[in-house]
Amino acid sequence: MRAMILNSVTELEYNSEPLTMTEIPEPVPADDEILIKVTACGVCHTELDEIEGRTPPPLFPVIPGHQVIGRVAAAGKNVKNIHMNDRVGVAWIFSSCGKCKYCLSGQENLCPEFKATGRDANGGYAEYMTVPAGFAYRILEIFTDSQAAPLLCAGAVGYRSFRLAEVKAGQNIGLTGFGASGHLVLQIIKYKFPDNKVFVFARSEAERAFAMELGADRAGDTTDKIPQLCDSIIDTTPVWKPVVEALKNLKPGGRLVINAIRKEEVDKDYLMKLDYPTHLWMEKEIRSVSNVTRNDVREFLEIAASIPIIPQVQEYRLEEANTALIELKQRKIRGAKVLII
Ligand SMILES: [Zn+2]
Ligand SMILES: [Zn+2]
């Protein structure tokens, strides 16, 4: 089969072709796994973190991609309730141990043996992949393959950050950053809590206009100080400035939820602007979002179908994966990027 593989950590600034098209044998599903014929795979900012070594794969070569849609092409002998040709999706959570205190308490995202699709196991930048059957999801009819793909990461992780923000009716909610995840979170909040105010902070004029179109009550620059403070703010940016700037807009007891697997180092010195009385005092708290659970993915897919959330997508062929990644790095973004395979 054809696969776009990553052979080592590299700098995208100097290497515009981090992935190599390679012909490799089709994987064979283990007893509890299914083989998926991949039809679409989303391109995520986390792939940049893997390629540039901020969250490096433990072994090379590896096939990236963790927003996978495809059809069941084979199944191991222990697999039940999944049929040939069923349409399924695979998200960031590839597997967890199923036995530790985290797995047993609904926090499989924190499992010490958590494996991520496309980093710790081969993902969907390929014609086929295998996954434990319990970590695949049915995809509702309403979505096409390429529309469903971005829901599996940006959407599912966005939904988890929404849950961790513990949003209640009547609250003011801030969103700093308005990319793939932010625009989905806005729609979740407006669906679940139509009367809540949502304030968006984004440095790009186009993103702010998009936020207003989707029903934001205000959209301004990342550094704005707003008159109505927020009960919670969700940060979906890859950098530090929005974190510091968001904290000043929190109410006493408010919470900042950071939805990022890694932060880039470029503006880390911005943290020196952190002023304790302005940004942290009054029991403000900061919480990170780590990975996702299968429940997050399932619940989000249902919500997305009932709203409905239909992502805007920009399609690329598998062999154009490097182009898609470089454009993502350069923030040339017109909807979620999806590889069609
Ligand atoms: Zn992702
Ligand atoms: Zn576990």
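Colleague: Which residue in β12 is the bridge partner of Phe-201?

Modeller: This is a predicted model, and the pairing is read from it. β11 (residues 197–201) and β12 (residues 218–220) run parallel and share three bridges. Within β12, the partner of Phe-201 is Gly-220.

Colleague: What handedness does the unit of β11, helix α4 and β12 have?

Modeller: The helix in this unit, α4, spans residues 205–213. Together β11, α4 and β12 form a β-α-β unit that is right-handed.

Colleague: Which residue in β11 stands opposite Ile-173?

Modeller: Strand β10 (residues 172–176) is parallel to β11, and five bridges join the two. The chain passes from β10 to β11 through helix α3 (residues 180–192), in a right-handed β-α-β crossover. Opposite Ile-173, β11 places Val-198.

Colleague: How many of the five residues of β11 are buried?

Modeller: A residue counts as buried under 20% relative accessible area. By that cut-off β11 is mostly covered, and the number of buried residues is four.

Colleague: What is the geometry of the site of the zinc ion (ligand 2)?

Modeller: The donors are the SG atoms of Cys-97, Cys-100, Cys-103 and Cys-111, at 2.3 to 2.4 Å. In sequence these residues follow the spacing C-x2-C-x2-C-x7-C. The angles among the four donor atoms are 106 to 114 degrees, and the site is tetrahedral.

Colleague: Is Cys-111 buried or exposed?

Modeller: Cys-97 and Cys-111 both lie in the loop between β6 (93–95) and β7 (115–116), so the pair ties together parts 14 residues apart in sequence. Cys-97 has 22% relative accessibility and therefore counts as partly exposed. Cys-111 has a relative accessible area of 5%, so this residue is buried.

Terms used:
Residues are numbered from 1 along each chain as its sequence is written. Chains are lettered from A and ligands numbered from 1 in the order in which they are written. This is a predicted model: local features need pLDDT of at least 70, side-chain atom pairs count only at pLDDT 80 or more; totals for chains, interfaces and linings use all residues. Side-chain values use heavy atoms; hydrogens and water are left out. Buried means under 20% relative accessible area, exposed over 50%, partly exposed in between (1.4 Å probe, protein chains only). Two strands pair if DSSP finds at least two bridges between them. A crossover is right-handed if, with the strands pointing away from the viewer, the path from the first strand over the helix to the second runs clockwise. Donors are N, O and S atoms within 2.8 Å of the metal (3.2 Å for Na, K and Ca); water is not among the atoms, so sites may look incomplete. Four donors count as tetrahedral if all angles lie between 85 and 135 degrees; four count as square planar and six as octahedral if opposite donors are over 155 degrees apart and all others between 65 and 115; anything else is irregular.
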